[in-house]
Amino acid sequence: MALLALASAVPFALLAVAVFRVPAWACLLCFTTYSERLRICQMFVGMRSPKLEECEEAFTAAFQGLSDTEINYDERSHLHDTFTQMAHALQELAAAQGSFETAFPDAAEKMKKVITQLKEAQACIPPCGLQEFARRFLCSGCYSRVCDLPLDCPVQDVTVTRGDQAMFSCIVNFQLPKEEITYSWKFAGGGLRTQDLSYFRDMPRAEGYLARIRPAQLTHRGTFSCVIKQDQRPLARLYFFLNVTGPPPRAETELQASFREVLRWAPRDAELVEPWRPSLGELLARPEALTPSNLFLLAVLGALASASATVLAWMFFRWYCSGN
């Protein structure tokens with residue numbers, strides 16, 4: 001029963017340590033292992049020395065000032081290398097018969113100076129978006145986090161006159177990654193001003209961070225949404241409510257009216273149109289027909305017709321006389 005009680009108590013103890021985060025949870029525990037720290041203390045006081053536990057406690061206590069340290073997430077590998085170098089330096093001091101009471105605080109002070117020289121984590125830029133460049137690493141729990149901001153950005157109002165051009169720019173005020181960035185557009189029509197994704201339908205022809213509608217009509221009134229993704233992971237969703245007001249410009253109205261008249265005329269009158277086959281008199285009556293070349297051709301045709309008529313008359317006379 002005693003063993004059973006002890007076994008059941010161990011998980012609860014571990015849970016308590018994780019929940020309350022004792023001060024020992026510092027950068028030291030994030031970037032060094034227990035075996036590494038134990039090996040350093042064994043080198044300082046000996047393998048089975050009664051001061052071994054005291055050395056371990058002094059080691060973690062020296063770095064308690066780094067328990068709340070936050071660094072730029074991209075600097076974690078640099079900090080890990082620095083802790084590795086620190087461990088090697090402590091081993092050299094232990095081999096030289098140094099004292100851990102002074103070695104550990106000195107190492108902690110040097111590490112604080114190194115951390116102050118690291119690139120600072122970028123501040124979160126409201127009001128929305130998954131901002132990877134602002135991700136930071138927290139030594140208090142050995143984990144990283146990004147800005148606690150929603151993916152959905154506030155709706156932006158865009159008002160245009162009917163017939164004009166409407167333009168939307170899918171641009172955020174924080175830095176985006178340089179690789180694998182894609183943009184997709186959706187539309188919720190019927191004049192809806194919403195951020196509910198169930199009302200949106202895809203616009204497959206819209207690509208890139210710019211979208212234009214020209215000319216804007218009353219049917220375009222509604223909410224347009226742009227989703228910025230990196231490798232299929234959403235980074236931000238922008239919304240634009242388009243309000244189309246007023247009649248189209250007068251010139252465009254007249255042009256559209258004329259175009260509608262042509263469309264109404266063509267199907268009805270096309271069946272009545274026949275090819276034009278003018279007579280010779282109609283051709284000669286045209287002012288542009290009596291050119292010198294045309295007059296010469298007419299004279300030649302007249303001479304040929306007269307000669308043909310004379311030949312035909314002579315042949316008819318010979319035939320008639322031979323019959324008699």
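Which residue does a disulfide join to Cys170? The partner is Cys226, with an S to S distance of 1.9 Å. The model is predicted. The count comes to 6 disulfides. With bonded cysteines counted along the chain, they follow the pattern 1-7, 2-8, 3-4, 5-9, 6-10, 11-12. Three of these links are described below.

**Cys170 and Cys226**
- The torsion about this S-S bond is about -90°, so the disulfide is left-handed.
- The pair links distant parts of the chain, 56 residues apart.
- Cys170 sits in the loop between strand E5 (166-169) and strand E6 (181-188), while Cys226 belongs to strand E9 (residues 222-230).
- Both Cys170 and Cys226 are buried.

**Cys30 and Cys142**
- A disulfide joins Cys30 and Cys142, with S to S at 1.9 Å.
- The link of Cys30 and Cys142 is left-handed, with -90° about the S-S bond.
- Cys30 lies in helix H2 (residues 27-31) and Cys142 in the loop between strand E2 (136-138) and strand E3 (143-145), so the bond ties together parts 112 residues apart in sequence.
- Cys142 is partly exposed, at a relative accessible area of 29%.

**Cys41 and Cys55**
- The sulfur atoms of Cys41 and Cys55 are 2.3 Å apart and form a disulfide. The cut-off for a disulfide is within 2.5 Å.
- The torsion about the S-S bond of Cys41 and Cys55 is about -85°, so this disulfide is left-handed.
- Cys41 lies in helix H3 (residues 34-45) and Cys55 in helix H4 (residues 52-62), so the pair ties together parts 14 residues apart in sequence.
- Cys41 and Cys55 are both buried.

Technical notes. Residues numbered from 1 in each chain as written. Predicted model: local features only at pLDDT ≥ 70, side-chain atom pairs only at ≥ 80, totals over all residues. Heavy atoms only, no water. Helix = DSSP H or I, 4+ residues; strand = E, 2+ residues; numbered from the N terminus. Buried < 20%, exposed > 50% of the residue type's maximum accessible area, 1.4 Å probe, protein only.
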